[in-house]
Amino acid sequence: MSQITVSPSNTQFSSQPNETILSAAIRNGINLPHSCQSGVCGSCAAKLISGSIQKSSEYDDYMLSTDEIAAGTILLCCSQADGDVTIDMPSYAGAKAITIRTLPARINNITIHDDVAILTVALPKAPPFKFYAGQYMEILLKDGSRSYSIANAPSQTDILEFHVRHRPNGLFSSQLFSGSLKNGSIIRLRGPLGSFYLNEESHKPLILLATGTGFAPIKSILTQLTETQPERHVHFYHGTRFTAGLYDESALQALLTQLPNAQYTPVVSCPDTSWMGITGYVTEQVLRDYADLSAHEVYACGLPDMVRDSKLALTTQAKLPENAFYSDAFTAHI
C-alpha cells in the first residue's frame, strides 16, 4: 500500500499495487479532477512533489508536452505510485468537493432512438443526490462497470438521465436493448465523477461541442443554464455521422426556447439525400463561424479525436485561451 498526499488541500488516501492514483482516489470516495480516465483529456494533470511513479501500461500520457514532463507533471489516470507520493493539484477543491456515493437506483423508463437508449432512473429520496452539470456516473455491474454522463440538471435530485449507445455484446447496453433490464429493475451507481462541468462563475459566451452521445452532458449544461443563466450567449454544435444521430431533438428544441441567446447547429458528416443542413465536422464549422474565440469558453464532449483536434484547432486558429477549453473524451467500451 502507498500513501498519497494531495497538496495544498492536504487530502490523503491509500493506493494498492498496480492501481492508478486516480483509481485509488475514486475508490476512496475522493473526486480528484478528471474526465476521460484514458490519458486523452489532461484534466487529471498534477505535479509530482515527492516520491516516484510508474506509468500504467494501459494508457498513454501523450497529452503532456516534453516540457511538462520535464517539470514533473503527471497524469493521475496513467500513473501508479511506487511508494508514498505527494502531488500538487491546486484545482482540487478538497473538502468543498462533492462526496462520491454508491447508491441503488430503480429504472423508470427506457426510450429507444435507433441505436441510443435514453434511460431514466429514480434515486433514493434521502439524502438528496448532488452533482454538477456535466459530471458522470459509474453503473456498477457484476463483471465490471460502465461510465455514462448525466443528462439532466442538478436541480432534479430524485432522478438521473443517461444516454446509452448500443454496442454489440456491450456489458451494459446489450441488457437495455435486449429487454433483460426493464422498468422497475434495480441497478447500482457510483458518483458523481469527473471535473467536466459548467463554470457558473463565468458569464463568457459559450461554444458547446458534442459528437454522438456526447450530447448527454451538454444537455445537462443547457438545462442548468435555463435555470441559472438563461440570458447567457451559447452556441451548440452537435456532430453525427448520420441524421439518426440527432436522437433527442425534441428535448433540445424545448430547451432552446428557454434560452433566448442560444444558437444550434447540427452537422452531419455522412448525410443521406434528404439532409438539407450543414455537412462536415463540428470543429471545421466552428472555425467557419468564429474567427476569434478569445472572449469565449468552449465545452467539448465526444470522441477523443474530436476533443483533441478541437482543442488544437481552436486554440491555434481562433485565439481561444487554453484554459478556456473544457473537455470530456468518451472512450468506447463494450
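Student: Is Phe 236 buried or exposed?

Tutor: This is a predicted model, in which local features need pLDDT of at least 70, side-chain atom pairs count only at pLDDT 80 or more, and totals for chains, interfaces and linings use all residues. Residues are numbered from 1 along each chain as its sequence is written, and side-chain values use heavy atoms, with hydrogens and water left out. Buried means under 20% relative accessible area, exposed over 50%, and partly exposed in between (1.4 Å probe, protein chains only). Because the relative accessible area of Phe 236 is 0%, the residue is buried.

Student: Which residue forms a stacked aromatic pair with Phe 236?

Tutor: Rings of Phe, Tyr and Trp (its six-membered ring) pair if their centres lie within 6.5 Å; planes under 30 degrees apart count as stacked, over 60 as edge-to-face and the rest as tilted. Here the centres are 5.6 Å apart and the planes 15° apart, and the partner of Phe 236 is Tyr 264.

Student: How many disulfides does a search of the whole structure find?

Tutor: A disulfide is a pair of cysteine sulfur atoms within 2.5 Å. The cysteine sulfur closest to that of Cys 77 belongs to Cys 78 and is 3.6 Å away, too far for a bond. Over the whole structure, the number of disulfides found is zero.

Student: Which residue in S7 stands opposite Val 6?

Tutor: Strands (E, at least two residues) are DSSP runs, numbered from the N terminus, as are helices (H or I, at least four). Strand S1 (residues 2-7) runs parallel to S7, joined by four bridges. Opposite Val 6 stands Ile 87.

How values were computed:
Pairing = 2+ DSSP bridges.
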